[in-house]
Amino acid sequence: LAISPQHLLDQATKLTEAEAHTGRPRGADLRRAISAAYYAVFHAIACAAADSVVATNKRASEEYARVYRSIDHRALRKLCERVRGKNLDFGNDIREFAAALADLHEKRHSADYDPLFKAIRSDTILTIQAARSAISKFEDTAERAHFLSLLLFPPRRAE
Amino acid sequence: MLKKSDIDRIAQAVARATLDSSAGVESTSTIDSQGDPALKITIVLTPGSTESIQGKDVLKTLDQVQQRLQEEGEERFPIIEFETKGEAPVGD
């Protein structure tokens, strides 16, 4: 796996550690930690999506990369909103995963772009914890294939 | 659209049930990454509790706050943040 979710989570955790000379982390590090936590989940999904279409022994191929890169942040967020709504029948694991992904998506956007973002260490630590648990939920649920099929092949709208 | 007092009450009830260490809740209106109206809900934790909260409990908190607000007719997405009581943001 080229982009390891576990390594991104490890990186995020390191970024929450206090600097020796100030006794606390930098705001810029907490921003990057939030972003890395979101991307850990994103890459876990992108990898699972590509693995579901292209054989895992072809991970170095262009077709694998094409499926991997087809995962769109906004489409993923929208699917999570649909999972949270009443029209899709998913169990608690995917619903909790979707709740976390939507929250992480907003936090990542704020951490990356918002000059008014408040860098809080407690929030960053718990955001990383949430990302870690979200990946576990996603990897363990039997409904993963259903979720990925909706992400990769959205149902046609009536014309 | 729920009143702030109702939003705070719902979030506080969820936080008390899912986290052992919730000291309070504060909510404000905001705009999400899509430009839509949203909520920012800050769950204030008791000092020293952050390290003991597990990821599954955070997930349950996010899930339940979103669900309860939705059930009460709130359409704005709640962005949930945590802070320890008395904790100040750190600068860049």
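User: By the salt-bridge rule, what does the count come to over all chains?
Analyst: This is a predicted model: local features need pLDDT of at least 70, side-chain atom pairs count only at pLDDT 80 or more, and totals for chains, interfaces and linings use all residues. Residues are numbered from 1 along each chain as its sequence is written, chains are lettered from A and ligands numbered from 1 in the order in which they are written, and side-chain values use heavy atoms, with hydrogens and water left out. A salt bridge is a side-chain nitrogen of Lys or Arg within 4 Å of a carboxyl oxygen of Asp or Glu. By this rule the count over all chains comes to 22.

User: Which three residues of chain B supply 21% of the area that chain B buries against chain A?
Analyst: Contact means heavy atoms within 4.5 Å, and 32 residues of chain B are in contact with 34 residues of chain A. Buried area is the accessible area (1.4 Å probe) that two parts lose on being put together, summed over both. The two chains bury about 3,000 Å² between them, 52% of it on carbon and sulfur atoms. The 21% share, more than any other three residues supply, comes from Leu59(B), Val90(B) and Asp92(B).

User: Which element gives the most to the side of chain B that touches chain A?
Analyst: Four salt bridges link chain B and chain A; one of them joins Lys60(B) and Glu96(A) at 3.1 Å, N to O. Helices (H or I, at least four residues) and strands (E, at least two) are DSSP runs, numbered from the N terminus. With 10 residues, the element that gives the most is H2(B).

User: How far apart are the end C-alpha atoms of helix H4 of chain A?
Analyst: The expected span of a helix is 1.5 Å times one less than its number of residues. H4(A) has 12 residues (73-84), so it should span 16 Å. The model agrees, with its end C-alpha atoms separated by 17 Å.

User: Within what arc do the buried residues of H4(A) fall?
Analyst: Buried means under 20% relative accessible area, exposed over 50%, partly exposed in between (1.4 Å probe, protein chains only). The buried residues of H4(A) are Leu76(A), Arg77(A), Leu79(A), Cys80(A), Val83(A) and Arg84(A). They line one face of the helix, because seen down its axis (directions from the axis to the C-beta atoms) they fall within an arc of 160°.

User: Which elements of chain B do the buried residues of H4(A) pack against?
Analyst: Within chain A, they pack against helices H2 (27-53), H5 (92-113) and H7 (144-152). Their partners in chain B are helix H2 (55-71) and strand S3 (77-84).

User: Which residues of chain B does Gln129(A) touch?
Analyst: Gln129(A) sits in helix H6 (residues 121-140) of chain A. It is partly exposed, at 23% relative accessible area. Residues up to four places away in sequence are not counted; those touched are Ile53(B), Gln54(B) and Gly55(B).

User: Is Asp8(B) buried or partly exposed?
Analyst: Asp8(B) forms a salt bridge with Lys4(B), the closest N and O atoms being 2.8 Å apart. Both lie in helix H1 (residues 4-18) of chain B, four residues apart, about one turn of the helix. Lys4(B) is partly exposed at 40%. At 14% relative accessibility, Asp8(B) counts as buried.

User: Which residue forms a salt bridge with Arg9(B)?
Analyst: Arg9(B) is partly exposed, with a relative accessible area of 47%. The closest N and O atoms are 3.4 Å apart, and the partner is Asp6(B).
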